[in-house]
Amino acid sequence: MMDEMDQIAFSASCQGYSHIEKQTPCQDATFSQDYGDYSLAIVCDGHGGKDYIRSEFGSQLAVEAFVETVKEFMQSREQFEPTLSVNYDMVLRQLEKSVISTWRGKITADVEAKPFTQEELDGISEKAQKKYEGGDYAGAYGTTLIGVVATKDYWFGIHQGDGKCIAISKEGVFSQPIPWDNRCYENITTSLCDNDAAKSFRHFFSTALPAAV
């Protein structure tokens, strides 16, 4: 995303080398779009462990949930924009909860349309199998999420899990504006599928527009 009069949103995704070697699908999903009065970009990283049997779908559904939620959010922004700079924490917390709720609705619909097959369940741990068969199937769709939205007056980002959102100021200074979650290290990460996902979300808001994110 670039200057306030010339925002350009773009994204790309490819299958990693280790996934090619193991013949496993790309579990990441990305999307970006300019809507005239705002732009957004999002990346969701599906988990690679054997128990996350539908993470490639979980990441795509998380992208869809973010885009749909932000669209509704921006359509009603006249209600909160006048005081956004002082109450952004409350506003963004509500946005994050809406993303989680929308995502869980989507994965529920996916399971109902395509119940887990025995082939899917045979390759996972006994603990995960019992959870999924018992109706607690969010873990199968586990994914992280980093989403950013920019208007001509302000920008914000929300983040669940690992990965990093890097901003570049117009002076060329690099920063990581969204606080890091210290529970994320090496191959361990918080996730959109966690029961306390709302508490694990972090966010950032600023009226100082970056040159790029």
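1. Which residues have the most contacts inside the largest nonpolar core? They are Phe66, Trp103, Phe116, Tyr132 and Leu145, in a core of 44 residues. Please note that the model is a predicted one. At least two residues of this core come from each of β2 (39-45), α2 (55-75), α3 (84-113), α5 (126-133), β3 and β4.

2. The aromatic rings form 7 pairs in the whole structure. One of them joins Tyr154 and Phe205, with 5.5 Å between the centres and 35 degrees between the planes, a tilted arrangement. Tyr154 belongs to the loop between β3 (145-150) and β4 (155-160), whereas Phe205 belongs to strand β7 (residues 202-206), so this pair ties together parts 51 residues apart in sequence. Tyr154 and Phe205 are both buried.

3. Trp155 and Phe204 make a further tilted pair, at 5.0 Å centre to centre and 55 degrees between the planes. Because Trp155 is in strand β4 and Phe204 in strand β7, the pair ties together parts 49 residues apart in sequence. Trp155 and Phe204 are likewise buried. Elsewhere, ring pairs connect Phe73, Phe80 and Phe156 in a cluster.

4. Lys114 is placed over the face of Phe57, 4.4 Å from the ring centre. Lys164 is placed over the face of Trp180, 5.9 Å from the ring centre.

5. How many disulfides does the model contain? The count is 0. Cys165 takes part in none, and the nearest cysteine sulfur, belonging to Cys44, is 13 Å away. Cys165 is buried, at 5% relative accessibility. For Cys193, the closest cysteine sulfur is that of Cys184, at 12 Å, which is too far for a bond. A disulfide requires sulfur atoms within 2.5 Å. Cys193 is also buried, with a relative accessible area of 13%.

6. Is Ser191 buried or exposed? Ser191 is buried, because its relative accessibility is 2%, and its place is in the loop between β6 and α6. A polar atom of the Ser191 side chain lies 3.1 Å from the backbone nitrogen of Cys193. Leaving aside neighbours within four places in sequence, Ser191 has contacts with His47, Gly142, Thr143, Gln160 and Ala197.

7. Glu186 deserves a separate check of the backbone. Most residues other than glycine have a negative phi. The phi of Glu186, however, is positive, near 50 degrees. Glu186 lies in the loop between β6 (174-175) and α6 (197-200). Its relative accessible area is 76%, so Glu186 counts as exposed. In the loop between β6 and α6, Ser191 too has its place, but Ser191 is buried.

How values were computed. Residues numbered from 1 in each chain as written. Predicted model: local features only at pLDDT ≥ 70, side-chain atom pairs only at ≥ 80, totals over all residues. Heavy atoms only, no water. Buried < 20%, exposed > 50% of the residue type's maximum accessible area, 1.4 Å probe, protein only. Phe/Tyr/Trp six-rings, centres within 6.5 Å; stacked < 30°, edge-to-face > 60°. Helix = DSSP H or I, 4+ residues; strand = E, 2+ residues; numbered from the N terminus. Lys NZ or Arg CZ within 6 Å of the ring centre and 35° of its normal. Core = buried A, V, L, I, M, F, W, Y, C linked by side-chain atoms within 4.5 Å. Polar contact = N/O pair within 3.5 Å; in protein donor to acceptor, adjacent residues only side chain to side chain. Contact = heavy atoms within 4.5 Å.
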